[in-house]
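Student: I've just opened this one and could use a guided tour. Can we go through it bit by bit?

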Amino acid sequence: MKLLRLLARTFPFRFAFAVLFGVVTGLTAAGLLMAIGRALGHGPAGLILPFVALAAGRIVTYVLSVFAMNSLANAVLVDIRLRLGRSVLAAPLAHLEQLGAPRVLAALTDDIAMLGAATVAWVDCTVETATVLGALGYIALASPLVAVILVVIAGVGWRLARRFEQAGNSMQAEAREIRGRMFGALNDTIHGVKELKLHRARREAFLSEGILPAIRDVHAAFRRSFQQYANAAGVFRALLFAAVAVALVCLIAMGTDTAHLVGAVSAVLFVQAPLDTILLRMQDVQQGNAALEELDALGLDLAAAPPEEMETSS
């Protein structure tokens with residue numbers, strides 16, 4: 001994906017550290033699940049020390065991953081802003097006039113902000129993916145049948161949810177087209193503020209016929225896309241609960257003892273939250289990729305406009 005390549009190419013060490021801390025954070029969460037499951041099956045003896053160690057490790061790595069994640073997102077924002085600013089200054093005037101001020105303004109504001117949110121979302125997805133994989137490993141050891149049920153039903157749910165997400169992405173693209181009109185109206189507000197202040201009738205007409213309809217259309221388009229994303233999350237969550245029900249019925253039919261039954265079902269319930277987070281945060285990643293494509297579509301050579309030597313870690 002474009003965003004992933006950008007992060008790995010521009011800030012390889014920061015990106016690697018953020019991903020590393022995220023993976024360790026996720027694995028410690030899965031380790032806590034395993035420790036609790038072992039206590040359910042074999043009693044609490046020897047649980048305290050591993051539990052304390054894993055809990056402390058999760059807290060420390062979580063703090064480090066949040067710091068690395070925010071530092072990376074800030075560095076990306078600084079770098080892209082510098083590159084975009086230099087690209088705008090280096091571009092031919094005729095090309096900038098062809099693009100228009102609203103489109104450039106949207107790139108300098110909305111698109112840059114989406115890239116920062118998408119960077120944080122990538123690291124969040126790393127944390128939750130490691131958590132899910134670790135929990136699946138525990139589930140597979142405790143009950144291979146439950147692991148197969150979870151993987152199959154979650155896979156079906158993911159495919160169905162992706163259909164809603166694709167519809168939401170199409171609506172996001174529509175919202176981006178309308179957004180240009182909104183930024184055009186906002187740009188006209190800045191340049192025509194003196195005249196609008198002097199003529200009340202023109203000011204009222206501009207607000208009611210220009211800026212307000214544009215803002216409402218943009219928000220309506222984004223709201224429709226968010227509804228599709230909510231539908232995706234609802235479908236995915238419903239199928240995950242179906243996985244719990246199927247696993248519970250199978251384990252009872254197999255005569256599984258109560259401790260292992262509770263442990264397996266608790267593990268399945270445990271992975272629901274990180275799976276939901278991955279599904280939701282991937283929407284931010286998708287918006288970040290769309291923002292990068294929008295920047296590429298401007299015809300501004302960001303790669304050929306490196307910023308001057310400076311500290312981007314501040």
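Student: Is Asn169 buried or exposed?
Tutor: Here's how to decide: buried means under 20% relative accessible area, exposed means over 50%, and partly exposed is in between (1.4 Å probe, protein chains only). Asn169 sits in helix H6 (residues 144-191), where helices are DSSP runs of H or I with at least four residues, strands are runs of E with at least two, and both are numbered from the N terminus. Its relative accessibility is 19%, so Asn169 counts as buried.

Student: What should I know about the model itself before going on?
Tutor: It's a predicted model, so local features need pLDDT of at least 70 and side-chain atom pairs count only at pLDDT 80 or more, while totals for chains, interfaces and linings use all residues. Residues are numbered from 1 along each chain as its sequence is written, and side-chain values use heavy atoms, with hydrogens and water left out.

Student: Which residues does Asn169 touch, not counting residues up to four places away in sequence?
Tutor: Contact here means heavy atoms within 4.5 Å. Leaving out residues up to four places away in sequence, the partners of Asn169 are Tyr229 and Gln286.

Student: How many helices and strands are there in the protein?
Tutor: Reading from the N terminus on, the elements run α-α-α-α-α-α-α-α-α. The count is nine helices and zero strands.

Student: Which residues of H1 are buried, and where do they sit around the axis?
Tutor: The buried ones in H1 are Leu3, Leu6 and Leu7. They cover an arc of only 95° around the axis (taken from the directions from the helix axis to the C-beta atoms), so they lie on the same side of H1. On the other side of H1, the exposed residues are Arg5 and Arg9.

Student: How do H1 and H5 cross?
Tutor: Two packed helices are described by the angle between their axes and the distance between the axes. The axes of H1 (residues 2-10) and H5 (residues 101-142) come within 11 Å and cross at roughly 85°; axes are lines fitted to C-alpha atoms, for helices over the stretch in contact, with angles from 0 to 180 degrees between N-to-C directions. Under 35 degrees is roughly parallel, over 145 roughly antiparallel, 65 to 115 roughly perpendicular and the rest oblique. That makes H1 and H5 roughly perpendicular.

Student: Which residues of H1 and H5 make the contact?
Tutor: The contact residues divide into six nonpolar, one polar and no charged. Nonpolar covers Ala, Val, Leu, Ile, Met, Phe, Trp, Tyr, Cys and Pro, charged covers Asp, Glu, Lys and Arg, and the others, Gly among them, are polar. From H1 come Leu3, Leu4 and Leu7, and from H5 come Leu115, Ala118, Thr119 and Trp122.

Student: Which residues does Ala18 touch, not counting residues up to four places away in sequence?
Tutor: Ala18 is found in helix H2 (residues 12-42). It counts as buried because its relative accessibility is 0%. Leaving out residues up to four places away in sequence, Ala18 touches Ala68, Met69, Leu72 and Val123.

Student: How far apart in space are Leu251 and Ser143?
Tutor: Leu251 lies in helix H8 (residues 200-253) and is buried, with a relative accessible area of 2%. In sequence, Leu251 and Ser143 are 108 residues apart. From C-alpha to C-alpha, the distance is 8.8 Å.
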